[in-house]
Amino acid sequence: MTHIDEPRLESDLGYRFGYVAGFMGFGADDIAAIHGAAPVLAPLVPGLVDAVYNKLFQQDATWRHFVPRQHGYQGEVPKTVDQLAMDHPQIQFRKQHLGRYLAALVTKPYDGKMVEYLDMVGKMHTPKAGSKDLDVPLVQMNALLGFVADALTATILGLGLDRDTEVKTLRAFGKLLWIQNDLVTRHYQGEVVRS
């Protein structure tokens with residue numbers, strides 16, 4: 001039996017990533033499958049980004065989070081949800097961020113820097129990083145990640161990959177998105193108190 005330092009899971013990002021990845025069996029073969037999908041997924045990223053934003057636009061509970069100034073955006077911001085159209089420069093700015101995130105998933109090495117990036121994706125949707133006005137409820141983050149997972153699954157299934165590659169790619173992305181979900185959720189929990 002392996003001893004896990006549970007308090008360290010809450011304080012050491014690398015240790016947490018290693019534990020969750022190891023528990024699920026996310027390793028070099030999964031990373032190779034994800035990177036191997038890059039040439040066929042990269043051209044589809046704009047369509048995935050559009051699908052995500054079309055979904056976000058359908059609910060006021062998700063769309064309202066794009067009204068406050070986004071971290072790094074310098075242009076004019078809308079005053080209300082009704083003023084925020086899909087072609088607004090702030091939405092275009094956010095779509096670029098999502099596109100870069102999806103590209104990073106399939107191209108970047110899964111090293112300490114990538115783990116920090118995945119963790120920041122969770123943190124930036126809370127007032128803990130980026131805009132102090134941005135506080136996306138966890139239920140909205142879970143809904144979004146579930147939608148992204150399903151969209152990626154549908155996309156991978158439509159690539160016409162041989163069965164073995166398809167299965168490996170689907171399983172690798174499934175594990176990766178669960179890791180991402182953990183690195184989102186951790187920023188929503190209160191301080192962990194151990195007795």
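Guide: On a 1 Å grid over the protein atoms alone, a pocket is an open set of points where a 1.4 Å probe fits, with protein on both sides within 12 Å along at least five of seven lines, and a lining residue has an atom within 4 Å of a point. Grid points are joined across faces, edges and corners, and a volume is the space filled by probe spheres set on the points. The model is predicted, so local features need pLDDT of at least 70 and side-chain atom pairs count only at pLDDT 80 or more, while totals for chains, interfaces and linings use all residues. Residues are numbered from 1 along each chain as its sequence is written, and side-chain values use heavy atoms, with hydrogens and water left out.

The largest pocket holds about 650 Å³ of space. It is lined by 30 residues, and Arg94, Leu98, Val121, Met124 and His125 are the closest to its centre. Helices here are DSSP runs (H or I, at least four residues), numbered from the N terminus, and those that each supply at least two residues of the lining are α5 (45-57), α7 (89-107), α8 (112-123), α9 (138-157) and α10 (163-185). Sorted by class, the lining has 18 nonpolar, ten polar and two charged residues, where Ala, Val, Leu, Ile, Met, Phe, Trp, Tyr, Cys and Pro count as nonpolar, Asp, Glu, Lys and Arg as charged, and the others, Gly among them, as polar.
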